[in-house]
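Please open the model in your viewer and keep the selection panel at hand. The stops below say what to select next and what is found there.

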Amino acid sequence: MFKNPECMRVKQNEIVEIQSQKKIRLSRIFFSSYSIYLFTICILVSCILYYIAQITYNKGMESLAHEGSVRLELHETYLRGILEKYENLPELLASDKRLVSYLLEPDGQESVEALNKYLETIKSVSNGSDVYLMNTEGLTIAASNWNEPLTFVGSNFHYRPYFQEAIAGRLGRYFALGTTSSRRGYYFAYPVKHQNEIIGVLALKIGIDAVEQSWSQKKQSFLVTDPDGVIFFTTNFHWRFRTLYPLAKETKERIVKSKRYLDTPLEPIPLLDERLTRFGRMVKIRQENTSLSSTYLLQSVYMDDAGWNVQILSDIREVEKLVALVVILSGSFFILGALVHLIVRQRKLRLTEVKKFEEQSRRMLEHSNERLESRVIERTAELTFANEQLVKEIEERKRAEEALKKTRFELVHAAKLAALGQMSAGINHELNQPLAAIRSYTDNCKLFLNKKRNKEVEWNLDQISELTDRMARIGAQLKLFARKSSGQLSVVPVHGIVDGALEILQPALRTANAHVKVGIDPESLEVKANNVLLQQVMVNLVGNALQAIEDSEPRAIDVTAERCGGKVKISVQDSGKGIDPKHLPYIFEPFYTTKKSGQGLGLGLTITERILHEMKGEIKVCNIEKGARFEVYLEEAL
């Protein structure tokens, strides 16, 4: 039916007005609801993230504290074991009759040398640092380092606490820097007695520098303090011979007087803050020569016998990084969820408005159509008749369109049948050479089975399996080729393609006694191509060259690849009779062949040219002095 143009314009104006009102309404609803929604989500997510951060921090600190406790216990046990190893040795050595005899009756220079060598032997056997003997005045009269420049012989150590405890009849223990060697060591001393009278003191010094080096950790620092709080053993060399807290004046004077740490200043480490938490003591220490600081979890254990405090400082930066990572990931998850929810909610609102708009539009259109139809029917019957004729013409046009579509489908089907025919011919040609190779491998299997050479049989069967897979891939690729598709291009190594093609043709090459020479410069040359299709091209070209040299001597095929003018040129050259110049213009045409009957369908070079064209390449052929050469040009993969 015909419609009044004026009424149609009125209807369109009304629809535009409704659309504009709808957009304004949607915008107001969106922005008002979005503000409230965003504020609520921010508060909720902030609370959840804070809770997650607290849980992650607590778990991380518990794990850090547990790890520190385990390591602390291991190191404390190790130190205790070292001290216990040497604890009873001075008492045992002090009872040696040779020491007692020498202290009672010194016999001159020969006796001193013998005693020094004896102490040197004890040092070597016990793996200690130094062993030396002192008289009741503290004067060293024999030592294991008697032949070294910084020997203890002649030195007086009466001021050392370990000597004072030993001369009083007790086992002396002491850690200090050696006044002679300036090396750290732990001293054991025990009195040498004769008839319950102290006549001298035997001292043993052990070194612990190797232990300190083996305990070095990136995220943990170990330190050991003496009873006065001086750090004498630590994996952080900046803290050595310093204190955790400032020393009292009297304590510092006493340490200096005993020459325990020689002339070291005994300054405290830069401790900025300290607080007690449920995980342990948290200390904040400034890094040396910088304004940066690090926070550590401080854990300690006390060694009763030595009077030491073994402590471990675990850096909490890994825990803080873990908390930051978890918070970032959780926040990202919540933000993403909020955005998805917001999009879904906005879409629902939009769909609701669209449905309302469509319903209003439909009603208005129905009302307008009813009025127009009534007016058309009332005004003239001729318009009704014309409308009916128009409907008939439309139906006839629809029938014509359907017939046209049917004809088009039939043409497409016919084109597909033609493509299938071409594909069948291509498959027949491409599978001849793999089938010949399979036949050769089968004959080899029979011979090897008769000779019970099972390994060679298994190898030939593997080759047959690979060739059947290859034939399947060739069929699939030829199907794609018939559909005007060469497959996806990728980076393909030229050497691999050439090796694969020669592997397929290996039985035929061996039968023909042909010599193949391969030269690729450089060896790592790569091109942009399809792996399977490019291998098809090489099989075709090498196969053609093999047939060209059947009646020639020598039977040689040269395969080379090199860069040429921004591309890669792959050449296959044979030593045959060459190609008749009159055949050269038609060499790439379908079903055109110069081979003997039964040797081919004349499709190999046609398919090769089309494959290379799909891969943005080209192929050329020319005669040379003896034989022919095919040149393939492809883009290099950079």
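Begin by selecting residues 280-286 and 293-303, which are strand 10 and strand 11: the two run antiparallel and are joined by six bridges. Strands here are DSSP runs of E with at least two residues, helices are runs of H or I with at least four, and both are numbered from the N terminus. Within this pair of strands, K284 stands opposite T295 of strand 11.

Before going further, note that the model is predicted, that local features need pLDDT of at least 70 and side-chain atom pairs pLDDT 80 or more, while totals for chains, interfaces and linings use all residues. Residues are numbered from 1 along each chain as its sequence is written, and side-chain values use heavy atoms, with hydrogens and water left out.

Now widen the selection to the open sheet, whose seven strands follow the order 8-7-6-12-11-10-9 with antiparallel pairing. Its edge strands are strand 8 (242-243) and strand 9 (271-277), each of which pairs on one side only; two strands count as paired if DSSP finds at least two bridges between them.

Next come the salt bridges, of which there are 16, each defined as a side-chain nitrogen of Lys or Arg within 4 Å of a carboxyl oxygen of Asp or Glu. Select R254 and D228, whose side chains meet in one of these with an N to O distance of 2.8 Å. R254 lies in helix 7 (residues 249-257) and D228 in the loop between strand 6 (220-225) and strand 7 (230-234), so the pair ties together parts that are 26 residues apart in sequence. D228 is buried at 19% relative accessibility, whereas R254 is partly exposed at 45%; buried means under 20% relative accessible area, exposed over 50%, and partly exposed in between, with a 1.4 Å probe and protein chains only.

Move to R317 and D315, where the closest N and O atoms of the salt bridge are 2.6 Å apart. Here D315 is buried, with a relative accessible area of 6%, and R317 is partly exposed at 43%.

In helix 10 (residues 432-450), select D443 and R439, which are four residues apart and thus separated by about one helical turn. Their side chains meet in a salt bridge of 3.8 Å, N to O; R439 is exposed at 58% relative accessibility, while D443 is partly exposed at 33%. A further selection, E359, R362, R363 and E366, shows salt bridges that share partners and join these residues into one network.
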